[in-house]
Every structure is written in structure tokens, then in C-alpha cells.
Amino acid sequence: LRNQINNDGEMIYLWPYIQEIMNNSFFKRKISENFNQKDLKILEENDYFLIEEKTTKEFQEKIKNKLSINEHNSQKGEIKGSKETILFEGISSEDISKYKNIGNQIKCAFAFSAGGLSTRTNGLFNPAFKFYIPDLKKECSFLELKFIAAEKSFAEKIIIMNSFKTKKMVNDLLKENNYFNYSKENICMLNQSVQIRLNPNTGEFLKTKDNELILNPPGHGDFIRYLILSNTLAELKRQGIEYIFYSHLNNPAAIATSELKGYFAEEIKKAKELKKDVPVLMVLLAENRGEKGGLFVSVKENKQRFQILESLGFPKEIIEFMNSADKNQLKDRFPYFNTGIFLLSIQELLNIMNLPEDYDKKLSHLEIIEKINSLDLKVFIDTKEEIFPNQSLIGLQLERYLGDYTRIWPWFPVVIDRNKYFVPIKTIEQIDASSEYGKRSLNELSNALEYSI
């Protein structure tokens, strides 16, 4: 087969794939790792051996050598909360009108990850979960609410990142609901890979008593990786789409308004005129009301930079402060936190990744993987407990976070009115209309939906 390919110029590009298959045969994996057929099928269907296996092996070795998880995760340098940002609500009405006019001309895709909800609610929240929306006078699923938001954003495309846990559910929901009256051709699916949870003491694969692996998606940081790997980025560029608006599934109020798109466009234009680093991302921040998640900070290592710092990256001193501080103290020290909403420039992403516009036609899949792996994106280690009827297992989960792109790429932050753009549903208590807390929470959501829907 190799000789035939070497003598046939049209088939020579297949050789790297054949080498990959020969080096990673199913038989060798089955013998060496003792995977059962169910796990092996999930790993192979989700490109684990091509995309994630190298990362797993790297951290297995580090854990065997007694890696300090806190030291690995912790951000180095002097870290402070920062107010160095733009308050979007403080922009003049004349400028807002200008940004709206610019934004109305911009083609934008609407994106979200169809996961990340089940941990807080013991598996209850998922894309199909429905709850009553007072403003709409009906029950809606998380997935339907995102499609409503996409429509109000005048999105040219909808991009959904699925994990192996949500892929079938989302596809079934879309078919059952006639794609929520959206064109099927304008819905793009990104299917991220999978990671294997590790034993915290030995680094070996964590397994149940039935010899099954504990598997998990590798975090929402995969969104940009799989936007590129799936070739969706190249296709969007060909269709004239300039930006991608991203938010999490549990935030129904996130809308890509014309003024936000226009403001991003003007900041990119300004950076080019001043010959400054051109931003790849515009990240939306909100007033901190005592949140302990991703924070907007300044970091001083070799030089000062601004970034989103996820909670797993907090050094010991900040963790101790978080555990003892009240909400006002948290707000004073860290005024703004990450909403998980951002705008991404397709052209600037291609530029910073050094990818040609038609990279899907000029580079092999393995070459694209090499580009992705060259990113200096941090892999965080999170300790997770998995509870089964007959046992409880604690393991180490490997994840990448979207906020970490602000550490390695040019970007800028904008503070938005959280009552308009950011009303996340994190607990079942928030949508329980029988309690006072639930009534207040649903009222906040209704107010936000009135603005956006």
C-alpha cells in the first residue's frame, strides 16, 4: 500500500493517516490499555487517540512523578483586580447610534456550548430541560431559548458545540422541534473530543468496579479549537461572516446586539490605524456581585497584562481571601468578572493562527491538528467526584477554559449591564416560582427577556 501511494501523486496525502492507523491500531490499544468495547467505541468516535491521547499521557507521567496540582494550576506573578475597561452603558447615545449602524451591516454567527450544566444540579439541567418563562407565557428548553436569542441576534449561522454526552440529545431535540423553525443548513455542529479521568495517586485511568472508564469533555476551551479543526472557520469565512458571538447555554439573555458588533468593528479598525495589536476577542464583563468564577485581573510577570483568570488558576493567597471575604470585599478587590460572553473576529483568528483563508483545502487534517496543538493553552486539573450506586470515585479531570485565550491573544474587555445581557440559570432554586427567591430570579429573567426578546 505504501509503495502504491508513493508512486501515485494524487494519493500521497493519505500516507500520514495510514501511519497514524498503523501506530495506533485498535488491537494494540485493546491489549495495552485494557479498554472495554463500549469505552473504545466512545474514544474512537470522538477522535481521542488523534486529539487528546498525547495530553492524557503527558499528565499521567506528571502525576506519577508527584505533580502538585495547586502549583500547576496557579497563575504566577502579581495579581490584582482591575478597572481598566470600558463601561458600555457609559457610551454616549450618539456613539451607540453610530455603532448600531455599523453593526447592522455585519454578518455574525451565534454560538454556544450545549453542556456545562449538569454538575451543579446533579444531572438535572441539560439542553432539553424545560422551565416556565413568564415573559413568553410558556415552557421553554435551554436549547429553544438559545434559538430564540439567535433569531433576535439576526444570526446568519448557529454553531453548537456538543460533547459525547449531549450530541444525540441535541440532534434529537432539533429533529423533534423542526429545528425550531431555523434552516437546517445554517446549523453547524462541533463535536469536541473526550478526556479520561485519572487516578489522583497513580495517574492511571480511573475505572469503575465494572472496568468502565470515567470520561468527560475537555472543557469549553475546546470551542475555538474545534471551530478550526472542524473546518467551520474556513466555511464561515467563505460565506462572508465576520464575527462569532458566543455565550453559555444557561444564559438566555445573551444577544448579539448591533451596537456590540459595531463597537468591536470600530476597535479593530482603530487598532489597525494605530498599528497596535489587533484584538481577536471582545470579552463582555459584568459588575461583580460576589461571584468567585473567572475574574478580570492584571497580572505582572515579566511584564503586565490583563486577562480573565479562572477560579482553578487562583493562587493560594486569593483562594484564602475568597473563602473569608464577604460580597462587598470581593467586589472591591475584583470589580468585574467574566460573563462567558465574547465576540470573535474570524479574520483575526485566521491571522493569529497563521492559517490561510481556505486552510481546509490547503492543509491536511494532521497539519491542522499540529496548528491547534501549538497553542499555548493551559490544561487545568480539576478534582471531581463521581457517585455511583455502589461506589464513589474521586479523580482528576483535564480541562481547557475559554478565558485562558485572553492570556495568549490580543483582546479587550467591555463591561455590560448584567441585567440586560447576563441572567444565568445555575440552580433549580432560581426557577422555583413557589419560593420568594425563585420569584425574584424569574422576575429578573423576565425583565432581561423583555429587553432581548
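## A walk through a predicted structure

Asp 47 is partly exposed, with a relative accessible area of 35%; partly exposed lies between buried (under 20%) and exposed (over 50%), using a 1.4 Å probe and protein chains only. This is a predicted model, in which local features need pLDDT of at least 70, side-chain atom pairs count only at pLDDT 80 or more, and totals for chains, interfaces and linings use all residues. Residues are numbered from 1 along each chain as its sequence is written, and side-chain values use heavy atoms, leaving out hydrogens and water.

### Inside the cores

Now let's go inside. A nonpolar core is a set of buried Ala, Val, Leu, Ile, Met, Phe, Trp, Tyr and Cys residues joined through side-chain atoms within 4.5 Å. The largest one has 74 residues, and Phe 131, Leu 143, Phe 147, Ile 160, Leu 174 and Met 282 touch the most other members. Helix H9 (residues 142–152) gives this core its largest share, 7 residues. A second, separate core has 45 residues, including Leu 281 and Tyr 359. In soluble globular proteins, nonpolar side chains tend to be buried together.

What does Leu 143 touch, not counting residues up to four places away in sequence? With contact meaning heavy atoms within 4.5 Å, its partners are Phe 112, Pro 127, Ile 160, Val 170, Leu 173, Leu 174, Phe 180 and Leu 249.

### One side of a helix

In helix H18 (residues 365–373), Leu 366, Ile 368, Ile 369 and Ile 372 are buried. These four cover an arc of only 155° around the axis, so they sit on the same side of H18; the arc is that of the directions from the helix axis to the C-beta atoms. An α-helix has 3.6 residues a turn, so residues three or four places apart point the same way.

### A pair of strands

Strands S15 (residues 380–388) and S16 run antiparallel, joined by 9 bridges; two strands pair if DSSP finds at least two bridges between them. A hairpin connects S15 to S16 through 2 residues, and Thr 383 stands opposite Leu 396 in S16. Because 7 of the 9 residues of S16 (residues 391–399) are buried, this strand is largely enclosed by the rest of the structure.
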